[in-house]
Amino acid sequence: MTTKQTGWQHFAEADWAAARDAFEAALEAVPGDPEALDGLGQSLWWLDERDAAIDRRRQAYAEYQRSGDVRRAGGLATYLAGEHRIDGRTAASAGWLSRARRLLADAGVSPEQGWLAIEEAKRSRDLAEAERHARAALEIAHELADADVECMALAQLGRVAVGQGRLEEGLGLLDEAMTVALGGESSDPLACGDACCTTLVVCDGLSDLRRAAEW
């Protein structure tokens, strides 16, 4: 097993510190390895070193671009668009989102397209448009049998339905999203966390503390 593979094994076990050390060792052996940079960035994010995490994943984006891997570069552009959106950096977020759209436009059906559709749903101010993007993500998830994209798409659809006053439908979608996220189907901790966060925010808005506490 390579050092990089060891890093991903530790990451899958949620041993973020060991994953960080393994990815750093992999980068000492092969500087600029985009997958190791990506893994290091993800590990640092979970270790609450957010700024460093974003920097490493930005470096991974550039290396994927240099190697011609537009699909993975597009996926990281979506991630960076979301992080800058959270920080209120509107111009930077818009730039990364435009880059993601361009890179993924001809990439074929992929998980990265699903993550992009989720990001589009989150930032849309029009609930009907947000629903359209969330349904597009769900279609991608079902076509690829991708539980990570599915749990996020279901959560976004639930959020939108609640926002439109369709409470029973929306809460049912959120419960399903949590089942996918926490029932052993989802493997990406960021996707799982995203679905959980969306669900808890909606529950808080509805003062549905019983449902939140149950999950």
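A: Happy to; we start with the pocket itself and then follow the helices around it. Please keep in mind that this is a predicted model.

The largest pocket has a volume of about 1200 Å³. Its lining is made of 39 residues, and the closest to its centre are Arg-57, Tyr-79, Trp-115, Asp-188 and Leu-190. Several helices each give two or more residues to that lining: H1 (3-12), H3, H4 (50-67), H5 (70-86), H7, H9 and H11. Sorted by class, the lining has 16 nonpolar, 8 polar and 15 charged residues.

Which helix gives the most to this lining? That is H5, with 10 residues, and H5 deserves a look of its own. Helix H5 has 17 residues, and the distance from its first C-alpha to its last is 24 Å, close to the 24 Å expected at 1.5 Å a residue. Of those 17 residues, 12 are buried, so H5 is largely enclosed by the rest of the structure. The buried residues run from Ala-73, Gly-74, Gly-75 and Leu-76 through Ala-77, Thr-78, Tyr-79 and Leu-80 to Ala-81, Gly-82, Glu-83 and His-84. Just after H5, Gly-88 takes a positive phi of about 75 degrees.

Some of these residues also turn up around a cavity. Helix H3 (residues 34-46) gives the most to the cavity lining, with 3 residues. By class, the cavity lining has 4 nonpolar residues, 1 polar and 1 charged.

Another helix of the pocket lining is H11. At 1.5 Å a residue, the 17 residues of H11 should span 24 Å, and the end C-alpha atoms are 24 Å apart, which agrees. Its buried residues are Ala-191, Cys-192, Asp-194, Ala-195, Cys-196, Thr-198, Thr-199, Val-202 and Cys-203. Among the elements that cover them are H7, H9, H10 and H12 (209-214).

The largest nonpolar core has 28 residues, of which Ala-137, Cys-151, Leu-154 and Leu-174 touch the most other members. Two or more residues of this core come from each of H7 (111-123), H8 (127-144), H9 (147-163), H10 (167-182) and H11 (189-205). Helix H9 provides the largest share, 9 residues. Apart from this core lies another, of 27 residues, among them Ile-54, Leu-76, Leu-97 and Ala-100.

Our last stop is His-133, which lies in helix H8. Is His-133 buried or exposed? With a relative accessible area of 12%, His-133 is buried, because the cut-off for buried is under 20%. Not counting residues up to four places away in sequence, His-133 touches Ala-117, Glu-120 and Ala-121.

Key
Residues are numbered from 1 along each chain as its sequence is written. This is a predicted model: local features need pLDDT of at least 70, side-chain atom pairs count only at pLDDT 80 or more; totals for chains, interfaces and linings use all residues. Side-chain values use heavy atoms; hydrogens and water are left out. Helices (H or I, at least four residues) and strands (E, at least two) are DSSP runs, numbered from the N terminus. Ala, Val, Leu, Ile, Met, Phe, Trp, Tyr, Cys and Pro count as nonpolar, Asp, Glu, Lys and Arg as charged, and the others, Gly among them, as polar. A nonpolar core is a set of buried Ala, Val, Leu, Ile, Met, Phe, Trp, Tyr and Cys residues joined through side-chain atoms within 4.5 Å. Buried means under 20% relative accessible area, exposed over 50%, partly exposed in between (1.4 Å probe, protein chains only). On a 1 Å grid over the protein atoms alone, a cavity is a set of points where a 1.4 Å probe fits but cannot get out, and a pocket is an open set with protein on both sides within 12 Å along at least five of seven lines; lining residues have an atom within 4 Å of a point. Grid points are joined across faces, edges and corners, and a volume is the space filled by probe spheres set on the points. The expected span of a helix is 1.5 Å times one less than its number of residues. Contact means heavy atoms within 4.5 Å.
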